[in-house]
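Work through each task before reading its solution.

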Amino acid sequence: MADNETHLYLHGKPVEGFDECHEHISPMSIYYKVFGALLVLTGLTYAVSYMSLGPASLPVAMVVAVAKATLVCMFFMHLKYDDRYHVFVFLSTLIFVAIFFTFTIFDLQSRAKINEEQGTFFRDQYDREAPPPPTLPEGVELAEH
Amino acid sequence: MEDDKSKHAKREPSYLVAQKGLKSWLFTVDHKRLGLMYLASTLLFFFVAGIAAIAFRTELLTPGPGEISSVLEWLEMDTTQSATTYNKLFTVHGAVMVFLVIIPSVPGALGNFLVPLMLGAKDVAFPRLNLLSFWIYSLGALFFIYTLLAGGLDTGWTFYTPYSSNFSGSAVISATFGAFILGFSSILTGLNFMVTIHKMRAPGMTWNRMPLFCWAIYATAIIQVLATPVLAITLLLLIMEKTLNIGIFDPAMGGDPVLFQHFFWFYSHPAVYIMILPGFGIVSELIAVHSRKHIFGYKAIALSSVAIAIISFLVWGHHLFVSGQSELAGIVFSFLTFAVAVPTAIKVFSWVATLYKGSIQFNTPMLYGLMFLFTFTIGGLTGVYLGALSIDVHLHDTYFVVAHFHYVMMGGTIIAFVGGLHHWWSKMTGRNYNEAHGRWGALLVFVGFNMTFFNQFVMGQQGMPRRYYTYVPQFQQQHVLSTVGAYILLIGFLWTAYYLLASLRKSAAPKQPIADSPWGGTSLEWHTQTPPIEHNFHGQPRVDSDPYNFPQIERTGDAEHH
Amino acid sequence: MSDHDSPKAHRPEGASEPHPGHPFMAHHFNTPGQQAGAAKFGMWVFLATEILMFSGLFLAYFIVRMNYPDMVLAAHEHLNKTAGGINTVVLITSSLTMALAVRAAQTGNQKAILRNLLLTIAFAFTFMVVKYFEYSAKFAHGMLPGKYYHAWDHGYLIEGHPHIFFAVYFCMTGLHGIHVLIGIGVLAWIYVRASKGHFGPRYYTPVENVGLYWHLVDLIWIFLFPLLYLVR
């Protein structure tokens with residue numbers, strides 16, 4: 001088949017030019033804008049940590065981190081302009097991470113309740129008694145933090 | 001289907017002789033040579049782990065301490081170490097089989113050899129990465145060999161904490177590090193296949209015209225890529241725990257040993273699908289070609305492979321039913337375990353339907369394919385029993401589990417692998433094995449295997465625990481039966497090795513080169529020279545249909561294998 | 001033109017085999033586009049494996065945090081937020097310069113490629129230097145992982161099992177640091193190749209792929225920093 005003529009294929013489909021390859025080049029301004037946004041969001045991360053949000057502090061911090069990550073992925077890593085399949089690979093990975101986290105934490109959370117209901121007890125770990133308060137050895141003073 | 005003119009091109013030197021010298025093998029980037037090297041290595045380790053099994057099966061002939069003590073005495077070693085030696089033997093058997101044989105064998109040996117050929121490509125996407133995978137595999141194997149020389153490992157292949165982290169005096173760190181390294185080989189192989197299958201299919205080969213073996217390798221690659229990194233981090237944490245006592249798995253330090261099991265099985269359950277999915281791919285090829293009938297339910301088989309790959313990530317907790325995991329989590333995992341059996345069953349039905357009204361040739365590859373259907377189905381069904389939470393409470397850590405996984409891993413993967421080896425033997429080596437010998441070998445393996453493992457289901461249900469060095473006398477007869485079966489199985493495999501190696505002798509060279517497609521297969525690997533030239537094809541093959549349309553293609557050449 | 005059809009024995013050496021008309025074209029691909037597409041896709045799959053590897057450590061962190069919330073709160077006060085903050089800015093900036101290096105390769109601006117790669121390497125070094133000071137301070141205060149923890153000898157009292165927190169801290173930042181070091185090595189290799197003029201609009205795949213790796217290192221730190229250093 002490809003003896004004398006040159007039949008070229010890209011992803012299984014024939015192409016005309018040998019160098020046919022479509023890549024998007026972002027303008028410089030995008031990079032600087034994203035950089036600026038990332039710095040602002042970093043500042044926000046700091047600010048959030050100093051507010052007393054209580055139990056909401058973790059989710060809020062994570063939302064900010066996800067925003068930063070999205071900017072890095074979409075613009076610095078070019079996912080916005082890339083083959084859609086790469087986005088699929090990336091998101092699927094996150095889904096599997098979520099599966100790992102969810103099921104394991106689900107087990108750990110539901111263990112305590114069920115053990116309590118059934119009166120099962122484990123020594124050491126599930127007593128969750130605090131270990132004895134730490135003491136300073138001889139001659140050591142409490143350090144200023 | 002357009003031919004690639006291999007029939008008309010003059011015969012070129014095959015990939016086996018195209019380049020000469022040891023360096024050309026050790027530094028090769030040719031996927032076919034790498035496949036052969038993986039084949040040799042995995043078969044070598046198969047025998048090493050098999051001998052370990054023969055050793056401890058011999059010990060189990062008697063209820064009390066027996067052969068191991070005698071051997072230790074003869075070697076003038078401490079006989080109080082007999083029980084530990086027994087633990088080391090089954091650990092070696094398990095760890096070597098899992099990490100050095102079953103996981104790498106089908107993707108590494110057959111996958112490497114066949115996938116580019118089946119896709120009509122000249123090589124995998126990243127040939128040098130392929131070579132690196134093999135070197136990494138060899139490095140991991142060296143760590144395992146070192147472990148053996150350093151006194152072995154006695155924790156079981158599952159490395160459960162706190163024994164492995166706090167109490168075992170054996171070579172845990174080198175074995176763990178070896179497995180860590182082997183994981184990277186697996187990841188890189190999976191990565192290579194994923195990209196190859198996505199990007200390097202021949203013109204006209206849509207996803208639905210790919211051989212099912214490639215679908216299986218693709219699904220396997222998904223699992224390899226996603227699950228193995230978690231094993232890497234688990235083993236790293238275990239090494240940290242052992243060296244630094246970080247306390248994450250140690251209850252006395254505030255950690256949780258069941259956490260190790262979660263981390264470990266998050267990889268190891270999908271890992272068993274890494275082991276079996278390529279076997280499924282092989283069986284699809286064997287059954288279709290040797291019954292000369294279009295595979296039934298191509299899409300069902302293809303998509304069920306991917307479905308298995310995905311669902312396999314949701315069921316790892318069924319290994320933790322009695323570990324202290326919460327019952328609620330247990331119920332969820334049990335339900336999902338039933339779900340993962342469904343795509344597998346779809347495949348088995350499709351294969352049986354393929355056989356129906358096919359023109360079945362009872363040659364050796366087909367015998368192994370049929371054997372697979374029998375043994376894998378038993379293994380798979382017993383897996384469903386174990387997936388039922390309440391039953392597992394009774395059967396966990398008994399011989400029932402041992403029988404189950406041997407039926408799926410040996411009766412599944414190894415049987416499929418050996419069948420595939422026979423099916424593609426001429427393509428890989430340019431030689432024919434003796435068909436009569438092959439059939440006897442298949443019979444020996446079948447008889448030996450079932451004799452060894454079938455009654456272990458009964459033993460397990462009656463309460464015989466696994467990994468026990470001694471046992472109550474009521475089980476002795478069954479253990480003797482198992483051990484005799486193991487010896488028959490050994491003879492069967494040795495016989496198979498003998499006649500396959502015999503076919504490689506100079507004197508066994510065929511007078512005329514073997515035809516491109518001696519079995520009548522129609523996928524692209526059968527459209528090129530036997531054995532293939534270094535670049536696989538002369539030019540770029542095209543396809544316009546899937547590779548299971550048999551009546552249209554004449555078998556090229558005679559069936560020289562009789 | 002089609003080198004792969006030549007009948008003479010052709011060393012299958014992959015990307016090192018020059019193709020007439022296009023440098024660095026491998027023999028087993030049909031077009032440069034196929035090669036570049038395959039390389040990028042392979043890199044994304046590799047990034048997926050890295051994400052999953054770190055996810056194990058993140059899960060360990062979350063579990064320690066779930067089991068010992070007070071201890072984690074007390075122990076993480078001892079982490080140097082300023083150093084962490086500096087490192088975050090350093091890494092984000094290095095991501096910028098890396099992305100600019102890739103763009104420079106796309107537009108064929110050889111000087112800019114070299115300049116941006118050098119800047120990225122410099123920032124990576126800065127990161128490691130700051131990390132070195134952080135770690136030294138921890139070692140000096142006896143805050144070591146696991147059984148080597150002895151902060152009480154230096155006057156620091158933290159209730160609970162602080163050695164677990166510091167174990168997780170060192171494992172996570174340590175593994176991340178190893179990836180930064182590997183990144184420096186890989187960036188240096190790309191710098192050498194760039195200085196030889198290998199990269200341009202027709203071929204810049206290695207720069208792009210190293211860029212993807214480097215952005216992943218940044219991504220991991222984006223999550224690591226608030227979780228370890230900042231969250232209450």
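## Exercise 1: the largest cavity

Task: find which helices of chain B each supply at least two residues of the lining of the largest cavity.

Solution. Step 1: the helices are α4 (82-119) and α7 of chain B, where helices (H or I, at least four residues) are DSSP runs numbered from the N terminus. The model is predicted, so local features need pLDDT of at least 70 and side-chain atom pairs count only at pLDDT 80 or more, while totals for chains, interfaces and linings use all residues. Residues are numbered from 1 along each chain as its sequence is written, chains are lettered from A and ligands numbered from 1 in the order in which they are written, and side-chain values use heavy atoms, with hydrogens and water left out.

Step 1: the largest cavity has a volume of about 140 Å³, and the structure holds 14 cavities of 30 Å³ or more. A cavity is a set of points on a 1 Å grid over the protein atoms alone where a 1.4 Å probe fits but cannot get out; lining residues have an atom within 4 Å of a point. A volume is the space filled by probe spheres set on the points, which are joined across faces, edges and corners.

Step 2: 16 residues line the largest cavity, and nearest its centre lie Ile103(B), Pro104(B), Leu182(B), Ser185(B) and Ser186(B). By class, the lining has ten nonpolar, six polar and no charged residues. Ala, Val, Leu, Ile, Met, Phe, Trp, Tyr, Cys and Pro count as nonpolar, Asp, Glu, Lys and Arg as charged, and the others, Gly among them, as polar.

## Exercise 2: the second largest pocket

Task: state which residues are the closest to the centre of the second largest pocket.

Solution. Step 1: the volume of this pocket (an open set with protein on both sides within 12 Å along at least five of seven lines) is about 1,400 Å³. Step 2: its lining has 42 residues, and the closest to the centre are Phe126(B), Leu129(B), Met43(C), Trp189(C) and Asn209(C).

Step 1: at least two lining residues each come from α5 (127-149), α7 and α8 of chain B and from α1 (32-67), α5 (162-195) and α6 (205-230) of chain C. Step 4: the lining divides into 30 nonpolar, nine polar and three charged residues.

## Exercise 3: chain A and its partners

Task: describe the contact of chain A with chain B and with chain C.

Solution. Chain B and chain A bury about 2,600 Å², 69% of it from carbon and sulfur atoms; buried area is the accessible area (1.4 Å probe) lost on putting two parts together, summed over both.

Step 1: there are two salt bridges between chain B and chain A, each a side-chain nitrogen of Lys or Arg within 4 Å of a carboxyl oxygen of Asp or Glu. Asp83(A) and Lys199(B) form a salt bridge at 3.9 Å, N to O. α11(B) gives the most to the side of chain B that touches chain A, with six residues.

Step 2: for the second contact, 71 residues of chain C meet 70 residues of chain A. The buried area is about 6,100 Å², with 74% on carbon and sulfur atoms. One salt bridge is counted between chain C and chain A: Asp82(A) pairs with Lys40(C) at 2.7 Å, N to O.

Notes
Contact = heavy atoms within 4.5 Å.
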